[in-house]
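Dear colleague,

I am handing over the structure we spoke about, placed directly below. My notes on what was found in it follow, and I would be glad if you read them with the model open beside you.

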Amino acid sequence: MIDLGAYIERARSAEVDASRGFVCQAVGLVVEVAGVKAATGDRLVARVGTRALTLEVLGFRDGRLLAAPLGSTAGLRQGVACVRCQRGHEVGVGPALLGRVIDAFGEPLDGGPPPPITGAVPLRREPPAPFGRRPVAEAIDTGVRVLDALLPVGRGQRLGLFAGTGVGKSTLLGMLTRRAKADVVVVGLIGERGREVGDFVRNAVGKEGLARSIVVVATSDAPPLVRAQGALRATAIAEHFRDQGAHVMLLMDSVTRYAMALREATLAAGEPPVSKGYTPSVFAALPLLFERAGNGSGQGSITAIYTVLVEGDDLHDPIVDAVRGTLDGHIVLSRELAQQGIFPAVDVLGSVSRAFHDIAPPEQRAHVQRVRELLGAHRDAADLLKIGAYVAGSDPRVDAAVLALPRVERLIRQDIDEASPRSASLALLRKLGAGA
C-alpha cells in the first residue's frame, strides 16, 4: 500500500519521476493526482483494468493536480499509476476525412475504417492576428433565400443562430450543409442525443451534403471535457483546410452545450459561478473559440455559424448575451413564424449582420431597408390587425405592409429540398422592393 503523504513529499523534493504519479482521490468529475508535474491543459493517462483512461489537467491545489476524466471512471481506484501523456494536443487531418463522421478523438462513428491521416495540427492554437486578417468583403451563396436576399452572409463572417426548441434549427443547418457555396463543410454536433445525430446526418445532411463534409460528434452522454474537445476538434479541422486555401463553412450545434460542458467541469474543480451557474472560465473560453474562425492572411476562409439554444425563448440568457456581443451578427429563428408554418422561421427584424454594409451593394441595401420598413409597420399594427380593429386607409405604411406581407412570406418560405441560387433570390428581392 502506498503511503500517500510520503509519496507527495518525495515528489516535492524531486525524488520521484516527475512524469509519473498516482490517483489519490476521485470525487464526481474531478480526479486528484499526486506526484506528477504537469501544466493546465496537459493530459495524463491512468490504467483502469484493461483500458487506458485519459485525464485533462484543470488546475492544481495543495501539491495535487485536479484533472477531469475524458472517459468513464468506472473501476478507477486509489493508488492507480498515472503517466503524463506526451501527445494528445494534436488533431489528425487529411482529405480522407471528407465524407466521414468521427468522434471527439477522431475515431470513426460511421462504421467505416479509421480515415488515413496525412498530417496533424494543434487542438488549440492562437487565432489569426487582428491586422493579419483579410476583411469580410464578399457575400457567399448560402442557397437559403431569406439569407441571401435579406441577411447576406459574408465569406469569413461569424454568425450566431439563436433558436429555441422545435423551430427548424437543424433543418436550416442541413440546407446550409447541402447548398452553401463552400469547398469544405465541417459540422460539429456537440452535446446532441445519439438518435438525433443519426437522423441529422441521414436526413438533414444526406449523401449530397456528406460528400464534402466532415461531421465531428460528441454526444450528450460523453464526459464534459469530451464534449468541449469535440468543438475544439471541429475548429482545428476547419483551420487546417483554411490554411490549405479552401473556403470552409463551419457549422457548430451547439455552442450552448459547449458552454454547459465547460460549466460542469469548472464547477466540479471548485471555480465559483458568476451568472446562472456559469463560471468565469466559460465566458473567457467563448471568444477564444470564436476568434479562431474567420478569414486568415491567406486565400482560405472559415465562415462560421454557431447555434445558440434559447431556453424558453429568453434572448437575455447570459450565454446568448455573450455570444451576441462577440460574433459578427446573429440570426434569430421565431417560434411565431414556425407555428404559422413559415420555414425557415427567420425573424428578419430580430436578426442583424454587422457586415451587411460591407458585402451588400447599394441596390440590395435599399430593397432590404424597404422590406424591413414594411415588416416593422406590420408588426406595430399586429394587435389591431388580429382583432380586426384596424381600418384600411388609417395609415399608408400599414396598408402597404398588409399588401406586401404575402410576397415577403413567399420570399422567406423555402422547402428543404428547394434549390435557390443567390441570383434568383436577389431577383425576387428586386421585384418585392419595386412593388411588383
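C24 is buried, with a relative accessible area of 5%, whereas C85 counts as partly exposed at 28%. Please keep in mind throughout that this is a predicted model. A disulfide is a covalent bond between the sulfur atoms of two cysteines, and the criterion applied here asks for a pair of cysteine sulfur atoms within 2.5 Å. For C24 the closest cysteine sulfur is that of C82, at 9.2 Å, which is too far for a bond. For C85 the closest cysteine sulfur likewise belongs to C82, and at 11 Å that pair is also too far apart for a bond. By this rule the count of disulfides comes to zero.

Overall fold and surface

Turning to the chain as a whole, the secondary structure consists of 14 helices and 17 strands. The radius of gyration is 25 Å, close to the 22 Å that the globule rule gives for 436 residues, so the chain is as compact as a globular protein of that length. Taken along the principal axes, the C-alpha atoms fill a box of roughly 90 × 45 × 40 Å. Of the 436 residues, 52% are buried, and among the contacts with a separation of 6 or more, 71% are accounted for by residues 24 or more positions apart. The accessible surface comes to about 19,000 Å², with 54% of that area belonging to carbon and sulfur atoms. As for charge, the chain carries 51 positive and 47 negative side chains, and the centres of these two sets lie 3 Å apart.

K169 is found in helix α3, which spans residues 169–179, and K169 is buried, with a relative accessible area of 10%. Once its neighbours within four places in sequence are left aside, K169 is in contact with L161, A163, E192, D253, T307, L309 and L333, a list in which you will find both E192 and D253.

T235 lies in helix α5, residues 224–243, and is buried at a relative accessible area of 1%. Its contacts, again leaving aside neighbours within four places in sequence, are L250, M252, L289 and R292. The C-alpha atoms of T235 and R125 are separated by 9.9 Å, although the two residues are 110 residues apart along the chain.

L411 belongs to helix α13, residues 396–412, and counts as buried at 3% relative accessibility. Not counting residues up to four places away in sequence, L411 touches R145, V146, A149, L150, S425, L428, L429 and L432. The C-alpha atoms of L411 and H247, which are 164 residues apart along the chain, are separated by 27 Å.

Backbone features to inspect

In D62, a residue other than glycine, phi is positive and near 55 degrees; D62 sits in the loop between β4 (51–61) and β5 (64–69), and at 64% relative accessibility it counts as exposed. K276, which is not a glycine either, has a positive phi of about 55 degrees. K276 is located in the loop between α6 and α7 (280–290), where it counts as partly exposed at 46% relative accessibility.

With kind regards

Notes. Residues are numbered from 1 along each chain as its sequence is written. This is a predicted model: local features need pLDDT of at least 70, side-chain atom pairs count only at pLDDT 80 or more; totals for chains, interfaces and linings use all residues. Side-chain values use heavy atoms; hydrogens and water are left out. Buried means under 20% relative accessible area, exposed over 50%, partly exposed in between (1.4 Å probe, protein chains only). Helices (H or I, at least four residues) and strands (E, at least two) are DSSP runs, numbered from the N terminus. The radius of gyration is taken over C-alpha atoms; the globule rule is 2.2 Å times the number of residues to the power 0.38. Contact means heavy atoms within 4.5 Å. Accessible areas come from the Shrake-Rupley method with a 1.4 Å probe; for residues, only the protein chains shown count as cover. Lys and Arg count as positive and Asp and Glu as negative; His and the chain ends are not counted. The place of a charge is taken as NZ of Lys, CZ of Arg, CG of Asp or CD of Glu.
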